[in-house]
Amino acid sequence: MGKTNPLGTEEYAYFAKRVIYAYEQALLCLGYYPDMWYEAALFQQQAAAVLAEKGDVKLAATMNTDIIQLFERAIGGLLKESQLLFFAYADYEEERMKFDNVKKIYDRLLAIETADPTLAYIQLMKFVRRTEGVQYARAIFKRARQDSRCKFHIFVASALMEYYCSKDTDIAIRVFDMGLKKYGDEPEYALAYVDFLSHLN
């Protein structure tokens with residue numbers, strides 16, 4: 001695709017624009033493949049970083065705007081239920097310290113009625129713990145528990161977060177017990193709880 005710079009172009013900006021153009025052409029045919037959108041966004045992020053390093057701050061800023069537009073085109077159109085692209089978009093905004101935007105991205109994903117929100121809640125819970133602290137992460141867990149679409153994995157993730165991040169075994173066990181009342185008939189949940197308990201001994 002030209003990412004290896006077969007023309008031996010000295011000018012990096014020209015090379016980056018050529019590769020981005022190739023991605024745009026590919027997306028015309030492969031627009032339903034989330035990994036193509038992800039790869040295109042990833043290349044643009046790398047190109048923006050290289051351009052900023054080389055001192056071309058204006059072009060790097062333009063490219064960052066283009067990355068946002070690329071993600072918006074993907075999740076606003078053909079791939080509006082692609083969790084991969086929502087998560088990649090949220091990660092991109094988190095790297096840029098745009099924490100309010102990250103929450104909006106997760107909220108958009110959680111608002112999709114037909115999507116399984118479990119992984120989105122887990123990712124949001126981890127993000128909030130990193131940026132705001134464990135109390136806010138617990139509020140996300142509470143919100144997830146009230147969402148009837150959520151699966152048992154949210155309890156496992158919350159309990160393990162309490163154990164590994166907060167170093168609080170008692171709260172972790174309480175979370176697992178709470179989940180046991182709701183998902184006691186799920187063998188995978190019981191197995192996750194047993195694994196956790198065996199890890200303690």
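Predicted model: local features only at pLDDT ≥ 70, side-chain atom pairs only at ≥ 80, totals over all residues.
Which side chain makes a polar contact with the side chain of Thr118? The side chain of Asp116 does, at 2.7 Å; a polar contact here is a pair of N or O atoms within 3.5 Å, where, within protein, one must be able to donate a hydrogen and the other to accept it, and residues adjacent in sequence count only if both atoms are side-chain atoms.

Residues are numbered from 1 along each chain as its sequence is written, and side-chain values use heavy atoms, with hydrogens and water left out.

Let us start with the overall build. The chain has ten helices and zero strands; helices (H or I, at least four residues) and strands (E, at least two) are DSSP runs, numbered from the N terminus. With a radius of gyration of 21 Å, well over the 17 Å that the globule rule gives for 201 residues, the chain is more spread out than a compact globule. That radius is taken over C-alpha atoms, and the globule rule is 2.2 Å times the number of residues to the power 0.38. Along the principal axes, the C-alpha atoms fill a box of roughly 60 × 35 × 30 Å.

The chain is divided into domain 1 (1-115) and domain 2 (116-200), with bounds that come from an automatic or database domain assignment. The C-alpha centres of the two domains lie 31 Å apart. Where they meet, 14 residues of domain 1 are in contact with 13 residues of domain 2, contact meaning heavy atoms within 4.5 Å.

Now for the inside. Of the 201 residues, 41% count as buried, that is, under 20% relative accessible area, with exposed over 50% and partly exposed in between (1.4 Å probe, protein chains only). The largest nonpolar core holds 68 residues, and Phe43, Phe71, Met125 and Ile154 touch the most other members. Helix α1 (residues 12-29) gives the most to this core, with nine residues. Both domain 1 and domain 2 give residues to this core, so it lies between them. Such a core is a set of buried Ala, Val, Leu, Ile, Met, Phe, Trp, Tyr and Cys residues joined through side-chain atoms within 4.5 Å.

Ile154 leads us back to Thr118. Leaving aside neighbours within four places in sequence, Ile154 is in contact with Thr118, Tyr121, Ile122, Met125, Phe141 and Ala144. Thr118 sits in helix α6 (residues 118-131) and counts as buried, at 4% relative accessibility.

Over in helix α2 (residues 34-53) we find Gln45, which is buried with a relative accessible area of 18%. Not counting residues up to four places away in sequence, Gln45 touches Ile67, Phe71, Tyr92 and Glu95.

The structure holds 18 aromatic pairs; rings of Phe, Tyr and Trp (its six-membered ring) pair if their centres lie within 6.5 Å, with planes under 30 degrees apart counting as stacked, over 60 as edge-to-face and the rest as tilted. In one of these pairs, the rings of Phe176 and Tyr189 have centres 6.0 Å apart and planes at 50 degrees, so the pair is tilted. Phe176 lies in helix α9 (residues 169-183) and Tyr189 in helix α10 (residues 187-200), so the pair ties together parts that are 13 residues apart in sequence. Both Phe176 and Tyr189 are buried, and an aromatic cluster includes them along with others, among them Phe141 and Phe196.

Helix α10 also holds Ser198, which is partly exposed with a relative accessible area of 47%. A polar atom of the Ser198 side chain lies 2.8 Å from the backbone oxygen of Asp195.

We finish in two loops. Met97, in the loop between α4 (83-95) and α5 (99-110), has a positive phi of about 65 degrees although it is not a glycine, and it is exposed at 58% relative accessibility. Lys167, in the loop between α8 (153-164) and α9, has a positive phi of about 55 degrees and is not a glycine either; Lys167 is exposed, with a relative accessible area of 66%.
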